[in-house]
2 protein chains.
Amino acid sequence: MSNETLLTIAQRTGYSISTVSRVLSGSAKKYRIGDKTVEIIKEEARKCHYTPSLLAKGLRNKETNTIGLLIPSLENYFFSNLASTVITEATVFGYTVIIVCTQEKEQNEAECLRQLMSRRVDGIVAVPSGHSPKEFEMIAEQVPIILIDRYFESSSLPYICTDNYGGSLMATEYLIKHGHKRITCIQGPPFQTPVRERVRGYNDALKNAGLSEYSNVAGEDFTIQNGYIETKLVLSYNDRPTAILALSNTILLGAIKAISESQMKISDDISIISFDNNQFLDYMTPSITRIEQPIQEIGILAIRTIVKRIHGNSAPEHNSIQLMPRIIVGDSVKNLK
Amino acid sequence: MSNETLLTIAQRTGYSISTVSRVLSGSAKKYRIGDKTVEIIKEEARKCHYTPSLLAKGLRNKETNTIGLLIPSLENYFFSNLASTVITEATVFGYTVIIVCTQEKEQNEAECLRQLMSRRVDGIVAVPSGHSPKEFEMIAEQVPIILIDRYFESSSLPYICTDNYGGSLMATEYLIKHGHKRITCIQGPPFQTPVRERVRGYNDALKNAGLSEYSNVAGEDFTIQNGYIETKLVLSYNDRPTAILALSNTILLGAIKAISESQMKISDDISIISFDNNQFLDYMTPSITRIEQPIQEIGILAIRTIVKRIHGNSAPEHNSIQLMPRIIVGDSVKNLK
DNA sequence: TGTGGTTGCACAATCGTTTGTGCAATATTA
DNA sequence: TAATATTGCACAAACGATTGTGCAACCACA
């Protein structure tokens, strides 16, 4: 297929492979290649559509200009958005991205990481799916790695993520400020660091306001069904909450369904606030108040950090960063005061 | 970093590189390597976490087990969804995917394709962004390629996409069946094949029902703003339409905003039907009737086709396929009969 | 003319695999 | 016991690039 190599160009122009290589890789003057020679070789390369083999280059140079992105899945809007900014920013630095998906299964992680290592990626950006940092720590000895979105408390692996605690604190305080006391938090998988941090923020906000007795954390999953079931449940209480803090958009949708089935109206009958942004949220009735994670910033920072690490300009320490999310105010929270 | 190679294992076990290679690549019995030898080598490889270099392998074998995915962007839900199924299905066949984004700019296509070629991908799945098939046709001589979502009428490059004509026909007939005559179609970029096909379906449905005189195609862009502006405009007409056919979700959202600003209600005052599905559409009030593209099927078929082509089992001809979308009925269309 | 510096390029090793071929040592057969 | 098969492995070339080094040819200068 793509037959053109340095050798074929060398043969056709009568120069040696090394000369052709130096010309086409831009190090012509460093090796004092004559101007005419340079022109001839470049012209020939252009004519025959020479495409350098990054395989051979990578093999020889021990760097592939590739960054591996390990992610649970691209179906989720949050992750695909993250992947999007990672790819875009990587391109800025001349890197190409290889994406591997774990399908949110920890047992796939090792295989996915092996894939990336086999392809000799220069660095890895990863969203872990499981409880154990083991695989990542082993990899970290071989290649720069940075975690995003989630991290391991038991590990010193550097990470970049949303300040989930701060975001949740902000959301809960917003509800409290609007007079809400009885607030139910519907969470995702309790072992995930973002979930735990959000719950912690929720509880701290309640505590700060002297409302700890009302603490009520429900659910276990980032699914519509979980949001639906848990909302159904709390709506059946006599002392039902006046507000719900949904820790994801899927949970939000489940809650909306349950609320609507109960012939209740969001805001009028029950307030709701969600984690994560989406353009559709502005077009719901009422529009949904939510906490938007700084996805772009996370992706950009992750790439910049990993690129610095690849170039050896930066110690792997002190690299963990939490970025504050922002609240986007809609009409889903009623002011009870 | 990742120092372990066939050579190091060979040295430590006392066997030759070739023997180690045959053992670890699974061709041990073909070359009559002794059972003990196999065990010793495998054990050593396990202990030192040997990770084969796919660079070297690719260089030698002239195949990389990699498929290139060229796509406008991952921000768009449709494309990220497509990318998701492409990755998942490729993994099934043992392929890894490299994604390059053109940012919907034709002038980036050549560079993106060069990237993929340089990495010696075994095949390419592409969503073109521009008018010209030239770059793709040149590439097609070197490596199997299949277009998805969009295609070139002027080219015989194989493609897989939604039957946009059929989907649009279905949507428009649905509106007509419910008594709508005055239907405005708000379109995206008119040069894109899917848009043209949808408009053709819209017009044919009108013609079949003898309503050609009401044909009204507006807009030029898949943006919220376009949907908003065009809807504002048509709502100002005296003989305003009773229904809108939005050719994308973004256009839909713009339309919703315009309608709501005009103090009108979807369904009650004006009906609407959209192309593309999204889980949020079920939770809008009212829920939106839409045409869902068979994204999964497109992604899966694309990979299967390209894999077959890579293995040389299939001619590149007759490979173009159009898949029928389905309608998901919501409450956004009023029955005028 | 001899010395020394510059210019312009080629040679060859190397990166980590795969694989055709060759060659001992052992086993089988007559 | 001699001839032949079989077993078990090693040698070496090749994939396509990079790069340290060497070596002519040319120039300038004394």
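Reader: What makes A:Val97 and B:Ile99 partners?

Author: In β2(B), B:Ile99 is the bridge partner of A:Val97. This is a predicted model, where local features need pLDDT of at least 70, side-chain atom pairs count only at pLDDT 80 or more, and totals for chains, interfaces and linings use all residues. Residues are numbered from 1 along each chain as its sequence is written, with chains lettered from A and ligands numbered from 1 in the order in which they are written.

Reader: Why are β2 of chain A and β2(B) said to pair?

Author: Strands (E runs in DSSP of at least two residues, numbered from the N terminus) pair if DSSP finds at least two bridges between them. Here there are 3 bridges, in the antiparallel sense, so the two strands count as paired.

Reader: How do you know which residues of chain B are in contact with chain A?

Author: Contact means C-beta atoms, placed from the backbone, within 7 Å. By that test 44 residues of chain B touch 44 of chain A. α5(B) gives the most to chain B's side, 7 residues.

Reader: What makes the crossing of α8(B) and α9(B) right-handed?

Author: Right-handed means the near helix is turned clockwise from the far one by less than a right angle, left-handed anticlockwise. α8(B) passes α9(B) in the right-handed way. Their axes (lines fitted to C-alpha atoms over the stretch in contact, with angles from 0 to 180 degrees between N-to-C directions) come within 7 Å and cross at roughly 35°. Among the contact residues are B:Leu169 of α8(B) and B:Tyr202 of α9(B).

How values were computed:
Two residues are in contact if their C-beta atoms, placed from the backbone, lie within 7 Å. Helices (H or I, at least four residues) and strands (E, at least two) are DSSP runs, numbered from the N terminus.
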